[in-house]
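I opened this model to look up the ligand and its surroundings. My notes follow in the order in which I checked things.

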Amino acid sequence: MTSRILILDYGSQYTQLIARRVREARVYSEIHPSSRTLTWIREWNPSGIILSGGPNSVYAENAPGAERELLDLAPVLGICYGMQLIAQLEGAEVRRGGKREYGRAEVTVTERNGLFSGFGGGERFAAWMSHGDHIESPPPGYVTTASSGGNPVTAFRHESRPIFGVQFHPEVAHTPRGGEIIANFLFGACKADASWTAGAFIQTEVEKVVAAVGDANVICGLSGGVDSAVAAALVHRAVGDRLTCIFVDTGLLRLHEREQVERTFGEHMGMRLVTIDAADQFLDALAGVEDPETKRTSIGHTFIDVFENAVSAAGSDAKFLVQGTLYPDVIESSSPAGGPSVTIKTHHNVGGLRPGMTFTLIEPLRELFKDEVRNVGRELGLPEEIVGRHPFPGPGLAIRILSDVSRSKLDVLRAADAIYLEEIRSAGLYDSIWQAFAVLLPVRSVGVMGDERTYENVLGLRAVNSTDGMTADWFPFPHEVLARISNRIINEVGGVNRVVYDISSKPPSTIEWE
Ligand code: XMP
């Protein structure tokens with residue numbers, strides 16, 4: 001039996017990052033709601049338990065709690081709220097408010113064992129804090145192992161039992177040595193084995209798919225992007241020819257995308273692919289719609305209508321629909337563990353699904369981030385041409401036309417976007433950029449072409465770098481590349497007389513404009 005770490009989710013926006021750090025250490029983990037009972041946890045048989053952070057104060061009404069026996073079931077690491085919960089269970093006082101700490105802090109290690117083994121005693125390291133309540137002195141039987149200016153008990157451990165707490169967030173990139181701290185917990189306290197790989201992930205997910213599907217038929221909505229291609233390849237490994245992939249031409253695709261997807265897919269994937277032309281259906285449903293969220297749900301519903309019709313038209317009895325849903329789709333549409341996180345955008349394949357649809361969803365990548373999905377894709381033997389593609393969202397160009405969508409606007413955007421990507425490729429920058437696309441703005445400005453006055457649309461260009469789509473920075477193009485792109489678009493695309501470059505990072509902006 002391989003080691004398994006149970007992550008109990010108390011509602012932090014960083015909970016998935018904990019799972020990700022554990023995966024990076026090659027240890028298997030699962031996230032579950034903090035309401036799991038002791039009996040359930042005992043049966044799950046964790047090698048270690050991590051209590052996440054959360055937005056509450058331990059004293060708040062209805063604050064999620066834990067039973068004291070939890071601390072006896074396996075080694076425990078409490079992070080932020082998780083640490084305060086341990087302190088409260090073990091009889092220490094958690095002070096409310098007062099010393100709020102947000103952002104970067106310098107933490108001093110006062111004991112170089114346990115979580116901080118490999119750190120020098122008295123060594124300082126940078127850590128990310130985000131808390132209002134704090135712990136003034138450790139519970140009886142515990143010792144302080146790190147402190148920071150704003151916080152005398154920044155980390156503690158039990159004197160003899162494997163129980164640890166940290167007030168900062170070791171899981172975020174802003175705590176550069178956080179990975180070492182988590183690894184110390186996994187390998188020092190939990191004695192976990194580092195055996196979990198992309199290959200092991202594929203094997204587990206294939207087994208889950210086989211168990212869920214039995215000998216039923218399955219369809220997969222294929223968009224041509226990385227996520228659905230990887231999901232399809234994984235499910236194909238589980239069910240073979242019982243899988244039919246459906247590629248929907250929504251009318252919202254980029255220039256030549258349909259031909260490209262059909263070609264690459266035909267060459268490399270070896271699965272049955274059906275293309276459905278549903279452009280009229282999508283564009284009719286979108287006619288006159290300006291609100292981004294209404295667009296997204298309309299597209300999500302239309303996708304399901306199209307899949308249901310395709311299945312019944314083919315006389316198939318497919319009951320399962322495979323989607324390449326990723327973690328950022330889930331977290332931005334809702335909270336995966338049912339916890340309190342805010343809807344940023346309704347991703348078409350999560351919150352945008354039509355109520356009453358007849359399919360059961362199969363989403364093997366639901367807990368992964370984009371870069372992890374790429375690794376799974378490589379492990380499945382997919383070519384770089386598929387695995388290295390920039391992300392393209394299911395709602396397609398509809399969320400890159402700010403205002404209502406029409407065929408003529410789509411034509412303008414398609415032409416401009418194609419030039420943009422062509423120039424990025426010919427400058428050798430495609431693989432240095434995480435995602436690049438053009439956005440058609442509902443703004444007209446005055447220009448002069450030849451001797452004529454023009455009054456046409458503004459086009460926005462976006463290019464970002466990111467690892468997982470959760471945070472992103474704008475890409476610093478060489479000026480001569482931007483100049484060439486702008487010049488070509490304004491000269492070659494009728495309807496655009498001005499080009500602007502988006503220099504916003506995520507957060508506070510998002511990658512797509514809608
Ligand atoms: P945002 O705009 O939320 O985008 O910063 C993060 C990543 O997700 C993609 N995205 C989507 N992908 N369905 C998808 O399949 C959607 O509804 C959707 N919305 C955004 C976006 O392109 C970026 O890569």
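Which atom of the ligand is 3.5 Å from an N or O atom in the side chain of His-347? I looked it up and found a nitrogen atom of the ligand. I note here that the model is predicted, so my distances are computed values.

Next I went through the oxygen atoms of the ligand. I found one at 2.5 Å from a side-chain N or O atom of Glu-512. For Arg-296, I read 2.8 Å between a polar atom of the side chain and an oxygen atom of the ligand. I then checked the cover: on its own the ligand has 490 Å² of accessible area, and the protein covers 94% of this.

I listed the residues around the ligand and got 17. Those that come nearest are Glu-332, Lys-345, Gln-435, Ile-511 and Glu-512. By type, I sorted the shell into 6 charged, 6 polar and 5 nonpolar residues.

Last, I turned to the domains. The assignment gives three entries:

- Domain 1 covers 4–189.
- Domain 2 covers 198–387.
- Domain 3 covers 409–501.

Which domains each give at least three residues to the shell around the ligand? I found domain 2 and domain 3. For domain 1 and domain 2, I took the centres over C-alpha atoms and got a separation of 36 Å. I also looked for contacts between these two, and 8 residues of domain 1 touch 8 residues of domain 2.

Definitions and conventions: Residues are numbered from 1 along each chain as its sequence is written. This is a predicted model: local features need pLDDT of at least 70, side-chain atom pairs count only at pLDDT 80 or more; totals for chains, interfaces and linings use all residues. Side-chain values use heavy atoms; hydrogens and water are left out. A residue is near a molecule or strand if one of its heavy atoms lies within 4 Å of it. A polar contact is a pair of N or O atoms within 3.5 Å; within protein, one must be able to donate a hydrogen and the other to accept it, and residues adjacent in sequence count only if both atoms are side-chain atoms. Accessible areas come from the Shrake-Rupley method with a 1.4 Å probe; for residues, only the protein chains shown count as cover. Ala, Val, Leu, Ile, Met, Phe, Trp, Tyr, Cys and Pro count as nonpolar, Asp, Glu, Lys and Arg as charged, and the others, Gly among them, as polar. Domain bounds come from an automatic or database domain assignment. Contact means heavy atoms within 4.5 Å.
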